[in-house]
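Let's walk through this protein together, starting with its sheet and ending with its rings. Keep the picture open while you read.

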Amino acid sequence: MAVTIIKKDSLDFLTALSKNNNREWFNGRKERYIEARDNIIDFADALLIEMNKHDLIETPSGKKSVYRIYKDVRFAKDKTPYNTHWSASFKRATKKLRGGYYFRIEPGNSGVVGGFWGPEPNDLKRIREHIDANSGEWRTLLGGKVLSETFGEMYGEQIRSAPKGYGKDHPAIDLLRYKQFMLRHVFSDEEVLSADFLFKMNDVFKKMRPFFDFMSELLTTDANGVDLAG
């Protein structure tokens with residue numbers, strides 16, 4: 001069976017679109033857009049198959065995972081009508097498996113992200129309580145060889161000061177300031193267009209599992225280890 005690849009024109013289309021981000025240009029190249037979009041959907045379908053070999057994904061298909069190229073510009077300062085990247089996200093299934101996966105394909109700016117974009121207030125409270133009581137576990141996890149070599153440091157939006165209830169001099173204030181908890185890995189254009197890119201991306205997603213498993217455990221149990229997920 002042939003391996004699904006990202007076609008060069010799927011990247012080249014984005015490069016051209018970034019220079020001609022207007023409806024007249026886009027409408028004149030609708031067939032090229034559809035071919036490129038379908039390539040990304042096919043890639044997402046193939047990726048979904050690979051990911052379900054090592055995780056349980058709720059997202060039913062590649063088509064359902066891929067975001068629209070059309071922008072909602074109603075409240076945006078940038079009124080250009082189209083995104084100049086391809087992107088998709090996958091949600092883990094069941095209440096016990098927390099977190100989500102995301103990929104972005106864009107010339108010179110491709111990569112994957114996994115983690116927690118916007119934790120609900122109760123989840124954020126639980127995460128901070130866990131950091132407060134178990135910061136050593138967090139540092140051991142994030143400093144582990146696989147995570148640190150693949151993703152570097154955890155990233156995400158942070159508050160400037162200390163969260164309510166914690167002092168600025170808390171020994172884990174660097175972790176407590178996070179509002180988002182994510183891992184990120186970038187790919188070069190050469191990697192994106194390589195014959196084995198599907199497996200490279202899947203492997204990076206697979207390497208997020210220690211982080212996901214750790215977070216799923218703490219978000220589905222209370223401080224006493226009682227199951228909250230049901």
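Two strands count as paired if DSSP finds at least two bridges between them. Helices (H or I, at least four residues) and strands (E, at least two) are DSSP runs, numbered from the N terminus. What you see is a predicted model, where local features need pLDDT of at least 70, side-chain atom pairs count only at pLDDT 80 or more, and totals for chains, interfaces and linings use all residues. Residues are numbered from 1 along each chain as its sequence is written, and side-chain values use heavy atoms, with hydrogens and water left out.

**The sheet**

Here, Ser 110 stands opposite Phe 187 in β4. The strands β3 and β4 pair in the antiparallel sense, over seven bridges. Zoom out and you find an open sheet of four strands, in the order β1-β2-β3-β4, with antiparallel pairing. At its edges are β1 (86–91) and β4 (181–187), each of which pairs on one side only. On average, neighbouring strands of this sheet are turned by 15° against each other, direction ignored. As background, strands of a sheet pair through backbone hydrogen bonds, either parallel or antiparallel.

**Helices around it**

For the angles, axes are lines fitted to C-alpha atoms, for helices over the stretch in contact (heavy atoms within 4.5 Å). These angles run from 0 to 180 degrees between N-to-C directions. Helix α3 (residues 30–51) lies across β1 and β2, at about 25° to β1. Helix α10 (residues 209–219) lies across β2, β3 and β4, at about 20° to β3.

Now look at helix α1 (residues 8–19). Its twelve residues reach 17 Å from the first C-alpha to the last, close to the 16 Å expected at 1.5 Å a residue; the expected span is 1.5 Å times one less than the number of residues. Buried means under 20% relative accessible area, exposed over 50%, and partly exposed in between (1.4 Å probe, protein chains only). In α1 the buried residues are Ser 10, Leu 11, Phe 13, Leu 14, Ala 16 and Leu 17. They pack against α2 (23–27), α3, β1, β2 and α8 (189–192).

Which helix holds Phe 26? Phe 26 is found in α2, and it is buried at 0% relative accessible area. Leaving out residues up to four places away in sequence, Phe 26 touches Phe 13, Leu 17, Tyr 33, Ile 69, Tyr 70 and Tyr 82.

**The rings**

Rings of Phe, Tyr and Trp (its six-membered ring) pair if their centres lie within 6.5 Å; planes under 30 degrees apart count as stacked, over 60 as edge-to-face and the rest as tilted. By this rule there are 24 aromatic pairs. Here are two of them:

| Pair | Centre distance | Plane angle | Type |
|---|---|---|---|
| Tyr 102 and Trp 117 | 6.5 Å | 75° | edge-to-face |
| Phe 211 and Phe 212 | 6.3 Å | 50° | tilted |

Tyr 102 sits in strand β2 (residues 100–105) and Trp 117 in the loop between β3 (110–116) and α5 (121–142), 15 residues apart. Is each of them buried or exposed? Tyr 102 is buried at 17% relative accessible area, whereas Trp 117 is partly exposed at 36%. Phe 211 is buried at 0%, and Phe 212 is buried at 0% as well.

Phe 13, Trp 25, Phe 26, Tyr 33, Tyr 70, Tyr 82 and Trp 86 form one aromatic cluster.
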